[in-house]
Amino acid sequence: MEILTCPKCQSNHIIKSGIINSKQRYLCKKCNYFFTVNKIGKKIDDYYVSKALQLYLEGLSFREIERIIGVSHVTVSNWVKSYNIKKPSHANYHPTYKIFNHIELIEYLKNKHLLSGAGMIITELGDKFMLIKWERFKD
C-alpha cells in the first residue's frame, strides 16, 4: 500500500526514507515530517454495530450480544459508550430471545399460543433470524 499524502500537511511530495521496525518510513519534502505506513486496523461492519446496539436497547446483556453476534462484549460496551446510548429500564418486562432459521421461524409463527401475551420483534441476523419476546412479570 503506497502512501499518497503527508498526514501532517496533506502534501503529495513524499519520498521513502528508510525502514523502522519492519515498516517503511517516509519523509514529506514540503514540511520535513517523518512518518510510517498507517496502521490498517480491523474494522467491523456497521451492520453488526447497529445490530449490537439494537440488541442492547432491547434488553440483552453485553455477554448475550457477544454470544449472538460473535463480537467481544468489551467491544459492544465501547460502542455503547461511544454512541452515548442509555438503556431504558425494563423493570416490568423480561426479554427472551430465540435464534431460528427460516423454516423454524415459520413453524414458530404458526402456533398462535406462542404469539399471544407478549410483545415481540423479529430481526435478521446473518442467515438466521432472532425473535425477541417481552413478557410482563407476573405479580
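**Paired strands and a salt bridge**

The structure is predicted, so local features need pLDDT of at least 70 and side-chain atom pairs count only at pLDDT 80 or more, while totals for chains, interfaces and linings use all residues. Residues are numbered from 1 along each chain as its sequence is written, and side-chain values use heavy atoms, with hydrogens and water left out.

Strand E1 (residues 14–20) and strand E2 (residues 23–28) run antiparallel and are joined by five bridges; two strands count as paired if DSSP finds at least two bridges between them, and the helices (H or I, at least four residues) and strands (E, at least two) are DSSP runs numbered from the N terminus. Two residues lie between the strands in the hairpin of E1 and E2, where Asn21 takes a positive phi near 50°.

On the way to strand E3 (residues 34–36), E2 again has an antiparallel partner, with three bridges joining E2 to E3. Here Arg25 stands opposite Thr36 in E3, and in this hairpin, which has five residues between the strands, Asn32 takes a positive phi near 55°.

A search of the whole structure finds one salt bridge, meaning a side-chain nitrogen of Lys or Arg within 4 Å of a carboxyl oxygen of Asp or Glu. The side chains of Glu107 and Lys110 meet in it at 3.3 Å, N to O. Because Glu107 and Lys110 are three residues apart in helix H4 (residues 102–110), about one helical turn separates them.
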